[in-house]
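Subject: Structure for your review

Dear colleague,

Please find the structure we discussed placed directly below.

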Amino acid sequence: MNPTRKLAPLALLLLASGAAQALDWSGYFRAGPGLTSNNANRACYGLNGGSSGMKYRLGNECDLYGEFQLDQAFKKDGLEYKVSLMTNHYTGNTDTDGKGLAIEQLWAEVKGIDLAPEASFWIGKERGRRGDVHIVDTYFTEMKGVGAGVKNLSGQFGLAYYKNDDQPAKPAHRINLEWVNLPANADGKLNAFVTLTKGDFEGGKTGAGLALRHDQSKLFGTGLSNTLWLQFSQGSAALNSNFGDLTAGSKAKGWRLIETLNGQGGNIGGQAMLLLAKETNGAGVSTTSASVGGRISVGLSKHFKFVTEAGVSQYKPEGGATARLSKITLAPTLSIDNSFWSRPELRLYVTHARWNQAAGNVTGNAAFANKTSGTSAGAQVEWWF
């Protein structure tokens with residue numbers, strides 16, 4: 001059956017309810033054509049090992065992706081209700097194959113319950129507190145899945161339970177606790193996320209994780225902002241506050257530090273990241289990772305900016321060689337204004353990457369076997385609304 005037919009009744013229900021109440025529509029998508037210097041299908045460059053979050057995305061996304069969300073909210077008897085439906089589509093190349101359409105989120109919540117009027121109670125499939133670094137398209141914290149929970153107890157506490165029903169052969173349970181927006185210093189907030197996991201099958205293991213995030217605005221009295229993550233996990237819990245390898249015991253553990261800087265001053269804006277990590281698998285083999293990079297936009301007129309991004313990443317498995325990749329992208333860009341975060345953006349780009357032999361074929365494209373450099377060019381639209 002065409003997946004669109006499965007999703008249509010859900011969308012119609014939301015649209016029908018919207019006749020009496022406001023219906024909000026939001027979303028994101030990226031798409032565009034590309035070519036490479038090897039006269040092959042479009043190639044993108046990313047290490048095939050080490051920590052997640054080390055692929056710098058500008059001019060380096062060989063896919064077509066979109067997510068579109070309908071939100072319906074209404075009030076009755078002093079309660080605030082909301083239902084949300086998000087569909088998404090992913091194709092691992094620059095054209096759609098008619099597949100890949102799915103439900104990313106489908107949940108409902110209610111706020112105003114007399115026992116805890118400030119809290120929101122929810123049930124369904126949703127993505128919890130997400131902490132991302134845009135230039136590497138990575139959510140370093142993301143409590144996602146089918147579950148139930150409560151947010152904003154006393155304005156700061158949250159608790160959620162998740163069950164991985166998409167893996168019937170390896171059932172597991174997960175509890176996420178959060179304590180957010182704690183005053184830490186002038187213009188600074190501290191957030192803490194705890195993860196507890198348990199594989200509920202023969203060979204399934206328990207796990208635990210802790211993620212601390214500090215958000216700093218007006219850094220040193222400037223318009224810059226800074227976010228620092230410190231993350232730890234062991235066993236079947238992942239560093240990103242999600243399920244990890246459900247068969248991994250206490251030998252599996254890891255830590256990660258992510259430092260990001262964001263800012264806009266006049267017509268110049270950007271984001272930079274530093275990542276350090278060490279992760280040990282269930283067999284006790286460790287891999288260390290490091291990455292540094294950034295993206296800068298310079299507004300040249302009201303609707304035109306020049307954007308450039310560069311990054312260097314590497315990982316080293318225990319007893320193995322260091323794999324390293326560097327890339328740079330130049331992208332003249334049209335946008336609704338010339339600030340860093342303004343979207344939509346319509347870009348032309350040229351990307352050049354270099355890597356060493358230990359990194360292998362970083363493109364996954366057979367035309368790049370035994371190569372250690374590549375150049376790609378193309379056009380891309382990125383839009384959120």
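This is a predicted model: local features need pLDDT of at least 70, side-chain atom pairs count only at pLDDT 80 or more; totals for chains, interfaces and linings use all residues.

**The largest pocket**

The volume of the largest pocket is about 960 Å³. Its lining consists of 40 residues, and those closest to the centre are Arg30, Arg57, Asp137, Thr138 and Tyr139. Two or more lining residues come from each of the strands β1 (23–31), β3 (64–76), β6 (120–133), β7 (138–153), β12 (225–235) and β13 (253–265). By class, the lining of this pocket comprises 13 nonpolar, 14 polar and 13 charged residues.

**The cavities**

Two cavities of 30 Å³ or more were counted. The largest cavity has a volume of about 100 Å³. Its lining is made up of 13 residues, with Trp122, Lys151, Ala160, Tyr162 and Glu178 nearest the centre. At least two lining residues are supplied by each of β6, β7, β8 (157–163) and β9 (172–185). Six of the residues lining the largest cavity are nonpolar, three are polar and four are charged.

The second largest cavity has a volume of about 50 Å³. Tyr45, Met54, Lys55, Tyr56, Asn60, Gly311, Ser313, Leu325, Ser326 and Lys327 form its lining. Both β16 (304–317) and β17 give at least two residues to this lining, and β17 contributes the most, with three residues. The division by class is four nonpolar, four polar and two charged.

**Aromatic pairs**

The count of aromatic pairs comes to 15. One of them is formed by Tyr45 and Phe368, in an edge-to-face arrangement with 6.2 Å from centre to centre and 80° between the planes. This pair connects distant parts of the chain: Tyr45 lies in the loop between β2 (34–36) and β3, while Phe368 lies in the loop between β18 and β19 (373–384), 323 residues apart. Tyr45 and Phe368 are both buried. Tyr45 is also among the residues that line the second largest cavity.

Phe140 and Trp229 form another aromatic pair, this one tilted, with centres 5.7 Å apart and 50° between the planes. Here too distant parts of the chain are linked, with Phe140 in strand β7 and Trp229 in strand β12, 89 residues apart. Both Phe140 and Trp229 are buried. The strands concerned, β7 and β12, are among those that give two or more residues to the lining of the largest pocket.

Arg343 is placed in the loop between β17 (323–335) and β18 (345–355). Is this residue buried or exposed? Arg343 counts as buried because its relative accessibility is 6%, and the cut-off for buried is under 20%.

The side chain of Arg343 makes a polar contact of 2.9 Å with that of Glu382 and a polar contact of 3.3 Å with that of His134. Apart from neighbours within four places in sequence, the residues in contact with Arg343 are His134, Arg295, Lys305, Ser335, Ile336, Glu382 and Trp384.

The peptide bond that runs from Arg343 to Pro344 is cis, with omega near 10°. Pro344 is likewise located in the loop between β17 and β18.

**Positive phi values**

Asn152, found in strand β7, has a positive phi, near 65°. With a relative accessibility of 27%, Asn152 counts as partly exposed. Asp187 also has a positive phi, near 60°, and is situated in the loop between β9 and β10 (188–199). Its relative accessibility is 40%, so Asp187 counts as partly exposed.

With kind regards

Methods. Residues are numbered from 1 along each chain as its sequence is written. Side-chain values use heavy atoms; hydrogens and water are left out. Helices (H or I, at least four residues) and strands (E, at least two) are DSSP runs, numbered from the N terminus. Buried means under 20% relative accessible area, exposed over 50%, partly exposed in between (1.4 Å probe, protein chains only). A polar contact is a pair of N or O atoms within 3.5 Å; within protein, one must be able to donate a hydrogen and the other to accept it, and residues adjacent in sequence count only if both atoms are side-chain atoms. Contact means heavy atoms within 4.5 Å. On a 1 Å grid over the protein atoms alone, a cavity is a set of points where a 1.4 Å probe fits but cannot get out, and a pocket is an open set with protein on both sides within 12 Å along at least five of seven lines; lining residues have an atom within 4 Å of a point. Grid points are joined across faces, edges and corners, and a volume is the space filled by probe spheres set on the points. Ala, Val, Leu, Ile, Met, Phe, Trp, Tyr, Cys and Pro count as nonpolar, Asp, Glu, Lys and Arg as charged, and the others, Gly among them, as polar. Rings of Phe, Tyr and Trp (its six-membered ring) pair if their centres lie within 6.5 Å; planes under 30 degrees apart count as stacked, over 60 as edge-to-face and the rest as tilted.
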